[in-house]
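Please read it with the sequence and the model side by side.

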Amino acid sequence: MATTQLSLQILRPLPAAGQTCGRQSYSFQSRNSAIRTRRNMKWVLRLSLVDQNQPQSQSTGVDVKQLVDFLYDDLPHLFDDQGIDRTAYDELVKFRDPITKHDSISGYLFNIALLKNLFRPQFFLHWVKQTGTYEITTRWTMVMKFMLFPWKPELVFTGTSIMGINPQTGKFNSHSDFWDSIENNNYFSLEGLWNVVKQLRIYKTPDLETPKYQILKRTANYEVRKYSPYIVVETNGDKLSGSSGFNDVTGYIFGKNSTMEKIPMTTPVFTQANDAGLSKVSIQVVLPLEKDLSSLPNPNQETVSIRKVEGGIAAVDKFSGEPTEAVVCQKEKALRSCLVKDGLKPKMGCLLARYNDPGRTWRFIMVWHRSKLF
């Protein structure tokens with residue numbers, strides 16, 4: 001099945017009502033209260049909170065800073081052959097996520113091994129912070145492919161882990177995961193189970209090169225991605241849902257250039273609008289990542305140009321069906337509303353990404369993405 005996205009670029013976080021984005025005065029003295037606080041906080045405020053002056057460990061003999069440094073080194077090995085260092089955990093360590101629980105380090109390691117065999121997970125650690133006298137919080141992204149299904153669906157989870165420290169042993173005695181994509185993170189969460197099931201559906205994009213990005217956050221309504229730079233060939237379009245100009249930009253990669261070079265096809269086809277009315281539109285094809293801007297042949301048509309996109313942070317929404325102008329505009333408004341509600345300020349315009357040839361794929365198998373950049 002083909003795919004489409006809409007993205008919006010993000011400028012900066014917005015302060016919550018009655019608050020500022022500067023330093024706040026919140027207490028992290030209790031582990032339970034910290035969990036409740038994080039569960040209700042918007043993600044952007046969570047990020048600002050953990051960057052405040054961290055609570056100082058009292059004279060307990062526990063070197064929390066050393067444990068923070070340890071996690072930076074150890075957690076990236078969560079699913080590789082080296083694995084995590086079990087000696088940093090009490091034998092009776094309580095592990096909880098919305099659909100799994102274990103009460104020993106052996107059970108925790110068994111769960112890790114099971115995920116390795118079934119999902120081939122990739123774990124990305126974003127940061128580690130002390131957030132209480134005996135508490136450390138981490139933020140992470142985990143990407144997994146379910147190997148038992150022929151289409152090998154990709155599952156993405158982002159969130160935070162709150163790790164409790166035993167003051168008597170200086171080791172971790174609890175590990176609680178909180179997913180960004182659900183509200184009920186208590187065990188056993190039917191919402192969490194359904195979140196997993198939904199990601200197992202048949203969802204396929206063409207097996208072609210695409211711009212590189214990392215998912216920083218996945219909510220119930222959108223993903224936040226960090227895109228690496230890429231190069232596009234582009235020309236003017238007529239509307240977001242249209243295909244005007246598509247033959248011109250694909251003609252460039254099929255050899256209509258100064259050296260008649262044929263360039264491999266990539267995905268997706270972008271349509272970008274930079275104004276509030278979504279009326280000034282360009283259509284773009286991404287060039288292979290190994291291509292260098294200075295060495296690319298010149299387009300034969302004056303209306304076609306090449307430029308480098310510097311990448312950046314984008315909020316992305318996926319949807320299926322035909323991306324008519326009315327549908328795209330409705331999706332753009334809905335995504336913008338979600339971002340503002342979550343305390344984020346999107347730029348004007350949007351970027352529609354189509355993973356099928358515009359106007360050539362049967363409508364009933366179309367899937368689209370829309371995105372707003374911050």
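Both faces of strand E12 are covered, with Val281, Ile283 and Val285 buried on one side and Ser282, Gln284 and Val286 buried on the other, where buried means under 20% relative accessible area, exposed over 50% and partly exposed in between (1.4 Å probe, protein chains only). This is a predicted model, in which local features need pLDDT of at least 70 and side-chain atom pairs count only at pLDDT 80 or more, while totals for chains, interfaces and linings use all residues. Residues are numbered from 1 along each chain as its sequence is written, and side-chain values use heavy atoms, with hydrogens and water left out.

- Strand E10 (residues 230-236) pairs with E12 in the antiparallel sense over 5 bridges, pairing being assigned if DSSP finds at least two bridges between two strands, and valine 232 stands opposite valine 286.
- Strand E11 (residues 269-273) is also antiparallel to E12 and is joined to it by 5 bridges, with valine 269 opposite valine 285.

**The six-stranded sheet**
- An open sheet of 6 strands has the order E3-E2-E7-E6-E5-E4 and mixed pairing; strand E3 (100-102) and strand E4 (122-132) are its edge strands, each pairing on one side only.
- Strand E4 is joined by 9 bridges to strand E5 (residues 135-145), and the two run antiparallel; within this pair, phenylalanine 123 has methionine 142 as its bridge partner.
- Helix H3 (residues 64-74) packs on the sheet and touches E4, E5, strand E6 (154-165) and strand E7 (172-179), contact meaning heavy atoms within 4.5 Å.

**Leucine 125**
- Leucine 125, found in strand E4, lies 14 residues from arginine 139 in sequence and 6.3 Å from it in space, C-alpha to C-alpha.
- Not counting residues up to four places away in sequence, leucine 125 touches Leu71, Tyr72, Leu75, Pro76, Thr138 and Arg139.

**Leucine 193**
- Leucine 193 lies in helix H5 (residues 190-198).
- Leucine 193 counts as partly exposed because its relative accessibility is 36%.

Notes: Helices (H or I, at least four residues) and strands (E, at least two) are DSSP runs, numbered from the N terminus. Axes are lines fitted to C-alpha atoms, for helices over the stretch in contact, and angles run from 0 to 180 degrees between N-to-C directions.
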